[in-house]
Amino acid sequence: MGAEVSLRTTGGPEHHAPVRRSWADPAFAGLARACGIAVLILISGIIAVMLFGGRQAFSTFGLGFLTSSVWNPVLHHYGALAPMFGTIVTSFIGLVIAVPLAFGVAFCLTEMAPGWLSGPLGTAVELLAAVPSIIFGMWGFFVIVPIMAQHIQPALIHSLGRVPFLHPFFSGAPFGTGLLTGGLILAVMVTPFIAAVMRDVFNSMPPVLKESAYGLGSTRWDVMRRVVLPWSRTAVIGGIMLGLGRALGETMAITFVIGNTNRISASLFSPGNTIASLIALEFPESEAGSLKLSSLLALGFVLMVISFITLACSRALLRRGRLVR
Amino acid sequence: MSTTMPDLASAAHRRHSGLLRRRRNIDHVVTALCAVATFIVLAALVSILFTLVSNGIRGLTFSTLTRVTTPPGNGGGLLNPIIGSIIQTAMATLIGTPVGLLAGIYLAEYGAGSQIANAVRFVSDMLLSAPSILVGLFVYLILVAPFGHFSGIAGVAALAILVIPIVVRTTEDMLRLVPLSMREAAAALGAPRWKVIMLVSVRAAKRGLMTGVLLAIARIAGETAPLLFTSLGNLNWSVSLGQPMASLPVTIYQYAGSAYDDWVQLAWTSALLITAGVLLINIVARVGLRGEDR
């Protein structure tokens, strides 16, 4: 209809336009949609391929794969418990250290630092997030591990190694590597991510809420604790989960400092393993089609499920926080 | 009578000022702790940069940049990992960017309220923070295992998969910032929808989109884990995509823990090169984005 009107009023070659539009528009829309769906297929493919590759391990060991801590290539017995333990413990240590640090940084950036300082300061923290993870691994291996071995671990063994209940966690030889060092490196790596989320959340708060609290004579900390934190709690937890997701999947940095031993020990100094670092180390040595390869892929699937759940929780919390705003 | 009133008032005042003092003290302590936390984080960054520069600068010579890797003790350089990193990063960017761009356009311009678009958005966000080693495993199973050997093309594929979600996210965010009135104005002139998107929305958001691509390049240039199972690394000179291909991050991984001083030195130099490149791209991207805001 519109085309006929335009034909009659303007005449000439305009009548080509509707013809061209008839195929170009749907073609472009179709192409864009195809690329969107390709992303969907891609991640389904990753999950499916991992599950398919790990089927041999799952069918051989069943649920025992998740509860066994044996990793013995000679006897062809593989269990996921030790690397799962290492992944969870290092990530937990990482978060315990990272969350207060990240909060401090975010508080500094939003409430304390003057405008001219908070910009460059924020950029510096973001640059820390951009450093490739293998660089953290090298830094950890050559700088942090010697410090841990010579100063921090001996000090902890002397001070806490004889305290009842605590001594199992702080016993053993101070090699410098191990779960504590791994957690420490993870903390440095995830702090910028958590701090960035916290800063954005704190900044997005309506200033009038803070101003009214200041007007009543609150100190900065009062405002933070009584006004900002309750208001932004969900989103802050979402940011922490985001950091947890990073920590769970981190590979190269951990591989350098964890010690790479498949065992479960209470001591924070004992060498351990994580799912990602076990895969990185053992994968090149596994033959195609072997049970070992299948076990590693099954581990990859387990890691995928763990990080998928974590990230889904994080998204949900961050979105809810946004809705409140 | 006349003496009790001021006494009461001053007692109340003392009590209040005591509380106030305590609150002030807590505030000072917390403030100091936060400054310490910021200092620790900055100290970590400075320590990393200092370690890289002080250890890596010695190896940053002309021969390091122009010779290929050799067995330890023969004065080898980093030419093949540098070229390999450039080839793989560039090709992955060229492949991943159009897919991510179009998917982002789909989400921002066509996908409003559609269930598929919501699923794509969710899945793309998952892929954005999924462990990159899993992407390496995936590509190993579909591009390495069936052919029986590691290859540069597999490395490119793994990195391209990592590029896509970053570009999708920035494209969608940037296109949403383009005012609706601009699209309406173009549509009112009779432009077909694809022209409105490509010539108005995308052009208006061009700077933001470039930023996204730069951030993606910075991200994949330092990736190691996905390359271990795909392009693996190559100690000989090779630019063939069908063969295993060297890259700087994998060279760091292979050389850093070795017993040879000259290999460890090459690992430090690789680390310095990669970090300098990644941080430079990041700074450029952020400066570009800030220009967008003005």
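Which residues form one aromatic cluster with F58(A)?

**View 1. An aromatic cluster in chain A of the predicted model.** The residues F58(A), F61(A), F65(A), W71(A), Y78(A) and F301(A) together form one aromatic cluster. A search of the whole structure, taken over all chains, finds 19 aromatic pairs.

View 2. The ring centres of F142(A) and W268(B) are 5.0 Å apart, and because their planes meet at 50°, the pair is classed as tilted. With a relative accessibility of 28%, F142(A) counts as partly exposed, whereas W268(B), with a relative accessible area of 6%, is buried.

**View 3. An edge-to-face aromatic pair in chain B.** Y260(B) and W263(B) form an aromatic pair with 5.6 Å from centre to centre and 80° between the planes, an arrangement that is edge-to-face. Y260(B) has a relative accessible area of 43% and is therefore partly exposed, while W263(B), at 15%, falls under the 20% cut-off and so is buried.

**View 4. An arginine over an aromatic ring in chain A.** R55(A) lies over the face of F52(A), and the distance from the ring centre is 3.9 Å.

Definitions and conventions
Residues numbered from 1 in each chain as written. Chains lettered and ligands numbered in written order. Predicted model: local features only at pLDDT ≥ 70, side-chain atom pairs only at ≥ 80, totals over all residues. Heavy atoms only, no water. Phe/Tyr/Trp six-rings, centres within 6.5 Å; stacked < 30°, edge-to-face > 60°. Buried < 20%, exposed > 50% of the residue type's maximum accessible area, 1.4 Å probe, protein only. Lys NZ or Arg CZ within 6 Å of the ring centre and 35° of its normal.
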